[in-house]
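Trainee: Can you walk me through this one? I'd like the fold before the details.

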Amino acid sequence: LAMRLNEHAFHTWDIEVATDPTATIPRQAAELVVDNLDLIARFTATPTGDTTTITVATTAPDRRFAVDLTPETVTFGPSNDTSAADLQLPAEAFARLVYGRLDPAHTPAGGHRPALDVLRQVFPGP
């Protein structure tokens, strides 16, 4: 059921953004999708060859995630780390990032750290 919800939210966004470049995933859907991102990340995450952990904080809803990179693997999951996040995005934008749909033209305004560029490599999309 969670996978179907994710598919519906993203396919709807794919259609809407074709005519409205400012389209986003509705908040109600984003609140559910963000908690299911590990499902797609298991299949689409691509190691970069680096060893690092990138922490991501989301808003609407507030969540924290850790993306652990090793030269051969990527692990993704919730984080209890309360230090400053490497990247902060609305939950719907982070979901689009994990799905490979957060190109520069569809990224929310604001200062984004280099972590975003790394995560775009990690999550190129299905």
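**Fold and contacts**

Mentor: Along the sequence, the protein chain runs α-α-α-β-β-β-β-α-α. Bear in mind that this is a predicted model.

Trainee: How many helices and strands does the secondary structure come to?

Mentor: The protein chain has 5 helices and 4 strands.

Trainee: What radius of gyration does the protein chain have, and what would a compact globule have?

Mentor: The protein chain has 14 Å, and a compact globule of 126 residues would be near 14 Å, so the two agree. Along the principal axes, the C-alpha atoms fill a box of roughly 40 × 30 × 25 Å.

Trainee: And what share of the residues counts as buried?

Mentor: Of the 126 residues, 41% are buried. The accessible surface is about 6800 Å², with 55% of that belonging to carbon and sulfur atoms.

Trainee: Which share of the contacts joins residues at least 24 apart?

Mentor: The figure is 59%, taken among contacts between residues at least 6 apart in sequence.

Trainee: Next, the aromatics. How many aromatic pairs are there?

Mentor: The count is 5 aromatic pairs. One of them is Phe76 with Phe94, which is stacked, with 6.0 Å from centre to centre and 20 degrees between the planes.

Trainee: Where do Phe76 and Phe94 lie?

Mentor: Phe76 is in strand S3 (residues 74-78) and Phe94 is in helix H4 (residues 91-98), so the pair ties together parts that are 18 residues apart in sequence. Phe76 and Phe94 are both buried.

Trainee: What about the rings of Phe76 and Phe123?

Mentor: Their centres are 6.1 Å apart and their planes stand at 85 degrees, so that pair is edge-to-face. The cut-off for edge-to-face is over 60 degrees. Phe123 sits in the segment after helix H5 (115-122) while Phe76 is in strand S3, so this pair ties together parts 47 residues apart in sequence. Phe123 is buried, as is Phe76.

Trainee: Which residues do the ring pairs link into a cluster?

Mentor: The cluster consists of Phe65, Phe76, Phe94 and Phe123.

Trainee: Back to H5. Which of its residues are buried?

Mentor: Ala115, Leu116, Leu119 and Val122 are the buried residues of H5. They cover an arc of only 115 degrees around the axis, so they lie on the same side of H5.

Trainee: And what do the buried residues of H5 pack against?

Mentor: Two helices are on the list, H3 (37-44) and H4. The strands are S1 (52-59), S2 (63-69), S3 and S4 (87-90).

Trainee: Changing topic: how many salt bridges does the structure hold?

Mentor: There are 7 salt bridges. Among them is Arg4 with Glu7, at 3.3 Å from N to O. Arg4 and Glu7 are 3 residues apart in helix H1 (residues 2-19), so about one helical turn separates them.

Trainee: Which salt bridge links distant parts of the chain?

Mentor: Asp35 is in the loop between helix H2 (27-33) and H3, whereas Arg63 is in strand S2, 28 residues apart. Asp35 has a relative accessible area of 39%, so Asp35 counts as partly exposed. Arg63 is partly exposed at 29%.

Trainee: What about Asp38 and Arg42?

Mentor: Their side chains meet in a salt bridge of 3.3 Å, N to O. Both lie in helix H3, 4 residues apart, which is about one turn of the helix. Asp38 is partly exposed at 29% relative accessibility, while Arg42 is exposed at 59%.

Trainee: Last item. Where is Gly100?

Mentor: Gly100 is in the loop between H4 and H5. Gly100 is partly exposed, with 35% relative accessibility.

Trainee: What does Gly100 touch?

Mentor: Leaving out residues up to four places away in sequence, Gly100 touches Phe123, Pro124 and Gly125. Phe123 also belongs to the ring cluster.

Conventions. Residues numbered from 1 in each chain as written. Predicted model: local features only at pLDDT ≥ 70, side-chain atom pairs only at ≥ 80, totals over all residues. Heavy atoms only, no water. Phe/Tyr/Trp six-rings, centres within 6.5 Å; stacked < 30°, edge-to-face > 60°. Buried < 20%, exposed > 50% of the residue type's maximum accessible area, 1.4 Å probe, protein only. Arc of directions from axis to C-beta. Contact = heavy atoms within 4.5 Å. Rg over C-alpha atoms; globule rule 2.2 N^0.38 Å. Areas by Shrake-Rupley, 256 points an atom, 1.4 Å probe, with all protein chains shown as cover. Salt bridge = Lys/Arg side-chain N within 4 Å of Asp/Glu carboxyl O.
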